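I opened this entry to look up helix packing, cores and a few loop residues. My notes follow in the order I checked them.

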Amino acid sequence: AVEIAEMERACAATAVGFTAVARALPEAGAAGRGERWVEGVFGLHARHLGNAVGYDTIAAGGDHANTLHWIRNDGVLRDGDLLLMDAGVEVNSLYTADITRTMPINGRFTPAQRRVYEVVLAAQSAGIEACRAGNAFTDPHKAAIAVLADFFEELGILPGTAAESLDPETGGFHRRWMVHGTSHHLGLDVHDCAQARSELYREGSLEEGMVITVEPGIYFKSTDLLVPEEYRGIGIRIEDDILITDGDPVNLSEELPRDPDAVEAWMASLLG
């Protein structure tokens with residue numbers, strides 16, 4: 001219970017930092033090197049509300065979002081682009097949150113951005129639903145990528161069907177646009193227990209009291225000619241910290257909106 005309370009504190013502090021970043025987006029865009037500006041805003045709140053950031057903040061504007069673990073954070077923030085921000089506050093007890101939100105820099109999604117965002121949200125929701133005690137650790141990933149693969153098939157960018165891509169032996173074609181796992185354990189480290197034996201981690205089961213991330217994404221590089229032109233340069237990830245219980249999963253980071261309408265309303269209240 002003490003550890004869960006510390007994770008709740010870390011998520012609450014992280015929500016404060018994200019809110020400050022969203023409010024500062026116009027200033028960050030005008031200042032130049034806006035990615036670094038918002039990194040600084042978040043870092044200030046992490047140091048003030050806790051011990052530090054839990055890991056190097058990812059502040060990726062526009063096509064930078066399609067570079068996994070973009071931490072150079074030296075780019076500009078342009079009107080009409082998205083900001084993918086992956087950040088967490090480590091509280092004084094050293095427990096850390098790990099949250100990602102993808103925000104329209106001007107407060108409004110374009111139709112293409114919204115379409116991709118809605119698919120990622122559906123994938124994440126499917127992954128969260130699979131976060132149940134007794135399920136395999138890999139079940140949230142399988143649930144999420146099934147949604148993504150269906151979208152890629154709909155776009156006609158897979159060499160075959162979604163089912164063929166999801167075949168564990170001969171598939172994997174969807175990994176061109178979803179390049180990482182959907183979950184990892186979280187607690188005293190952002191990749192908690194990462195050195196645990198495989199049979200207890202990636203080949204293990206979810207148990208009550210565990211906290212894992214659920215963070216699917218779609219990464220359509222601006223130079224990827226397989227992707228329809230209107231989607232090129234869009235990179236979106238949504239990540240939340242999920243507590244495994246003896247019943248329904250609990251989203252510890254639900255304070256930050258995920259639904260695209262809610263994101264726009266939240267940003268409108270901050271941007272004025």
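I took helices (H or I, at least four residues) and strands (E, at least two) as DSSP runs, numbered from the N terminus. I worked on a predicted model, where local features need pLDDT of at least 70, side-chain atom pairs count only at pLDDT 80 or more, and totals for chains, interfaces and linings use all residues. Residues are numbered from 1 along each chain as its sequence is written, and side-chain values use heavy atoms, with hydrogens and water left out.

**Loop residues**

I looked up Cys-193 in the loop between α5 (162-166) and β6 (211-214). Its phi is near 60°, a positive value in a residue other than glycine. Cys-193 is at 47% relative accessibility, so it counts as partly exposed.

Asn-73 also has a positive phi, about 50°, and is not a glycine. I found Asn-73 in the loop between β2 (58-61) and β3 (82-87). Asn-73 has a relative accessible area of 0%, so it is buried.

I then went to His-185, in the loop between α5 and β6. His-185 has a relative accessible area of 9% and is therefore buried. What does His-185 contact, leaving aside its neighbours within four places in sequence? I counted contact as heavy atoms within 4.5 Å. The partners of His-185 are Phe-137, Val-190, His-191, Asp-192, Tyr-201, Met-210, Val-211 and Ile-212.

**Helix pairs**

For axes I used lines fitted to C-alpha atoms, for helices over the stretch in contact, with angles from 0 to 180 degrees between N-to-C directions.

Helix α1 and helix α2 (residues 34-49) pack at about 150°, with axes 8 Å apart. That makes α1 roughly antiparallel to α2. Angles under 35 degrees count as roughly parallel, over 145 as roughly antiparallel, 65 to 115 as roughly perpendicular and the rest as oblique. The crossing of α1 past α2 is right-handed. A crossing is right-handed if the near helix is turned clockwise from the far one by less than a right angle, and left-handed if anticlockwise. Among the α1 residues that meet α2 are Val-16, Phe-18 and Leu-25; the α2 side includes Trp-37, Val-41 and Phe-42. I noted 14 nonpolar, 4 polar and 1 charged residues in this contact of α1 with α2. Here Ala, Val, Leu, Ile, Met, Phe, Trp, Tyr, Cys and Pro count as nonpolar, Asp, Glu, Lys and Arg as charged, and the others, Gly among them, as polar.

Helix α3 (residues 111-129) packs on helix α4 (residues 139-155) at about 150°, with axes 7 Å apart. α3 is thus roughly antiparallel to α4. α3 passes α4 in a right-handed crossing. The contact includes Arg-115 and Val-119 of α3, and Phe-151 and Glu-154 of α4. By class, the contact of α3 with α4 has 11 nonpolar, 1 polar and 2 charged residues.

α3 also packs with helix α6 (residues 260-271), at about 115° and with axes 10 Å apart. Arg-114, Tyr-117, Glu-118 and Leu-121 of α3 meet Pro-260, Asp-261, Val-263 and Glu-264 of α6. I noted 4 nonpolar, no polar and 4 charged residues in the contact of α3 with α6.

**Cores**

I took a nonpolar core as a set of buried Ala, Val, Leu, Ile, Met, Phe, Trp, Tyr and Cys residues joined through side-chain atoms within 4.5 Å. The largest has 71 residues, with the most contacts inside it made by Leu-83, Met-103, Phe-152, Ile-218 and Phe-220. Helix α1 (residues 2-31) gives the largest share of this core, 12 residues. A second, separate core of 9 residues includes Cys-131, Tyr-201, Leu-206 and Ile-242.

Key. Buried means under 20% relative accessible area, exposed over 50%, partly exposed in between (1.4 Å probe, protein chains only).
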